[in-house]
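Please read it alongside the sequence and coordinates shown here.

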Amino acid sequence: MTAYAVAHMRQVTPGPQIVQYLQKIDATLEPFGGRFIVHGGDVEVIENSWPGFLIVIEFPDRDHVRGWYHSPAYQEILALRTGNSQSDVVFADGVLHPHKATDVLE
C-alpha cells in the first residue's frame with residue numbers, strides 16, 4: 001500500500017544549509033522509490049491557519065518510507081533541515097481504492 005512522508009514546515013531559516021539539503025534530498029529518495037507529490041508552494045487556507053509549507057513525498061509502501069528516512073544517505077543530511085527549521089513529520093499509509101469515508105468505521 002502506498003505510504004507518504006508528510007511534513008508541515010512551520011518555519012524555515014533560509015541559508016546555505018537549507019540549500020544544501022534541497023540539493024541532496026532527491027538522491028536519497030531515488031533508491032526507495034520516493035517522489036514529491038507536494039513541495040511547498042501556495043496553499044489556500046480554508047479553515048483556521050496554516051503557517052509554513054506542506055511537503056508530501058510518496059513511496060511504494062511504509063517499509064520504503066522508513067528505509068529512506070533511516071538510510072545513511074538521508075541521516076547524513078537530516079541535520080541540515082532540523083537545525084534550520086521547525087517542522088512536524090509523520091508517515092501515513094494511503095488507502096486502497098475504491099475507498100469510502102465509512103471504511104474507517106470497520
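V45 is placed in the loop between strand 2 (35–39) and strand 3 (53–59). The model is a predicted one.

**Overall architecture**

- The protein contains three helices and four strands.
- In sequence order, these elements give the pattern β-α-β-β-α-α-β.
- The C-alpha trace extends over about 45 × 35 × 15 Å along its principal axes.
- Of the 106 residues in the protein, 26% are buried.
- Among contacts with a separation of 6 or more, 76% involve residues 24 or more positions apart.

**Nonpolar core**

- The largest nonpolar core is made of 16 residues.
- Within this core, I25, I57, F59, W68 and Y74 have the most contacts.
- At least two residues of the core come from each of strand 1 (3–12), helix 1 (16–29), strand 3, helix 2 (62–70) and helix 3 (72–82).
- Which residues does Y74 contact, leaving aside its neighbours within four places in sequence? They are Y21, I25, T28, W68, Y69 and R81.

- The buried residues in helix 3 are Y74, I77, L78, L80 and R81.
- These residues lie on the same side of helix 3, because they cover an arc of only 160° around the axis.
- In general, an α-helix has 3.6 residues a turn, so residues three or four places apart point the same way.
- The buried residues of helix 3 are covered by elements that include strand 1, helix 1, helix 2 and strand 4 (85–93).
- On the face turned away from the buried side, helix 3 carries the exposed residues P72, E76 and A79.

**Surface**

- The protein exposes about 7100 Å², and carbon and sulfur atoms supply 55% of this area.
- V43, V45 and W50 make a nonpolar surface patch of about 220 Å².
- V45, a member of this patch, counts as partly exposed because its relative accessibility is 41%, a value between the limits of 20% for buried and 50% for exposed.
- A27 and R62 are separated by 35 residues in sequence, and their C-alpha atoms are 19 Å apart in space.

**Salt bridges**

- The count of salt bridges comes to four, and three of them are described here, beginning with the pair D88 and R10.
- The side chains of D88 and R10 meet at an N to O distance of 2.5 Å.
- Because D88 lies in strand 4 and R10 in strand 1, this pair ties together parts that are 78 residues apart in sequence.
- D88 counts as partly exposed, with a relative accessibility of 42%, and R10 is also partly exposed, at 34%.
- In the salt bridge between E58 and R35, the closest N and O atoms are 2.7 Å apart.
- E58 belongs to strand 3 and R35 to strand 2, so the pair ties together parts that are 23 residues apart in sequence.
- Is E58 buried or exposed? E58 counts as buried because its relative accessibility is 16%, whereas R35 is partly exposed, with a relative accessible area of 48%.
- D63 and R66 form a salt bridge through their side chains, with 4.0 Å from N to O.
- Both D63 and R66 are located in helix 2, three residues apart, which is about one turn of the helix.
- D63 is exposed, with a relative accessible area of 58%, while R66 counts as partly exposed at 40% relative accessibility.

Methods
Residues are numbered from 1 along each chain as its sequence is written. This is a predicted model: local features need pLDDT of at least 70, side-chain atom pairs count only at pLDDT 80 or more; totals for chains, interfaces and linings use all residues. Side-chain values use heavy atoms; hydrogens and water are left out. Patches are made of residues with over 30% relative accessible area and no salt bridge: like charges are joined within 9 Å, nonpolar side chains (Val, Leu, Ile, Met, Phe, Trp, Tyr) within 5 Å. Accessible areas come from the Shrake-Rupley method with a 1.4 Å probe; for residues, only the protein chains shown count as cover. Buried means under 20% relative accessible area, exposed over 50%, partly exposed in between (1.4 Å probe, protein chains only). A nonpolar core is a set of buried Ala, Val, Leu, Ile, Met, Phe, Trp, Tyr and Cys residues joined through side-chain atoms within 4.5 Å. Contact means heavy atoms within 4.5 Å. The arc is that of the directions from the helix axis to the C-beta atoms.
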